[in-house]
Amino acid sequence: MSHSADTTDGRASPFRPALLVVDMQEDFCPPEGALAVEGGRDIVPLINDLLQLPFVLKVATKDHHPPDHVSFASNHPGAQPFVSTTTIVNPANPRETYETRLWPAHCVVGTPGNALVPELDAARVGHVVLKGREPRVEMYSAFRSPLRDPPLASAVSDLAEQLAAARATDVFVVGLAGDYCVKNTALDSARLGWRTYVVEEGTRCVGGDRAWAETVAEMRAEGVEVVHADGPEVES
Ligand code: VGL
Ligand code: ZN
């Protein structure tokens, strides 16, 4: 893969890359996924190539929703998936509030749609992070819930601790969906201090190419780099 490493003083800085494979689950993939992202399955070969490389930590995240999750349109009478939104308020701090889009029910714990796609080389994954477990919170970032004051125990993630324990310096993000969980995970990774990259060929967006262009601009504005796989065969 190609990217440039910055050194201000010319000395070699440590490079201890980690790989985050976001939400490569049946429900985000055609042909049957409840929230299928176009081309979502096509990125698996590249991700499997990346999983062969010597990252210091390889993490898979999973969207892991209870049936009564707040992001499901079916849990809001009259709401339409992809169209309607709902307002989420922190029960412990009503000033923390945000509006979020509603979806078809997806990645429900214990259903086939929750499973990682079988063609993913999951044996090379060292750690799995489950997110979206708290029924009241929509959690796109695998690092933390948007409601943080105080943090809800059921929405806490150990991803930052795992990266720190592995002494990762750089975080590479791939998976689904580029305009939701990949974006928010990459933004939090950068905000928490890791040099962060999204591999363009390793993601697909709910909103297609147009959403990707907006996502790239948003991520670059916060220091996330968009990088490219060198070709169909990633060298190890
Ligand atoms: C995601 C929508 C709803 C994602 C998760 O993984 O990007 N998108 N839940
Ligand atoms: Zn979800």
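Which residue in S4 does Thr 87 stand opposite? It is Glu 99, and I'll come back to the strands around that pair in a moment.

Hi everyone, a quick word on what we're looking at. This is a predicted model, where local features need pLDDT of at least 70 and side-chain atom pairs count only at pLDDT 80 or more, while totals for chains, interfaces and linings use all residues. Residues are numbered from 1 along each chain as its sequence is written, and chains are lettered from A and ligands numbered from 1 in the order in which they are written.

Back to the strands. Thr 87 and Glu 99 face each other where S3, residues 85-90, pairs with S4, residues 93-101, in the antiparallel sense over 6 bridges. Pairing here asks for at least two DSSP bridges between the strands. Helices (H or I, at least four residues) and strands (E, at least two) are DSSP runs, numbered from the N terminus. With 2 residues between them, S3 and S4 form a hairpin.

Now the helices. Two packed helices are described by the angle between their axes and the distance between the axes. For H3 (178-191) and H4 (208-221), the angle is about 10 degrees and the axes are 10 Å apart. The axes are lines fitted to C-alpha atoms, for helices over the stretch in contact, with angles from 0 to 180 degrees between N-to-C directions. H3 and H4 are therefore roughly parallel to each other, a label for angles under 35 degrees; over 145 is roughly antiparallel, 65 to 115 roughly perpendicular, and the rest oblique. Among the contact residues are Lys 183 and Leu 187 of H3 and Trp 212 and Met 219 of H4, contact being C-beta atoms, placed from the backbone, within 7 Å.

On to the ligand. Around ligand 1 we find Asp 23, Asp 63, Ser 71, Trp 103, Leu 176, Ala 177, Tyr 180 and Cys 181, using C-beta atoms, placed from the backbone, within 6 Å.

Asp 23 sits in the loop between S1 and H1, and its phi is near 50 degrees, a positive value in a residue other than glycine. The peptide bond from Leu 176 to Ala 177 is cis, with omega near -15 degrees, and Ala 177 lies in the loop between S6 (170-176) and H3.

One other cis bond: Pro 30 to Pro 31, with omega near 5 degrees. Pro 31 is in the loop between S1 (17-22) and H1 (44-51).

Thanks, everyone!

Note on methods
Two residues are in contact if their C-beta atoms, placed from the backbone, lie within 7 Å.
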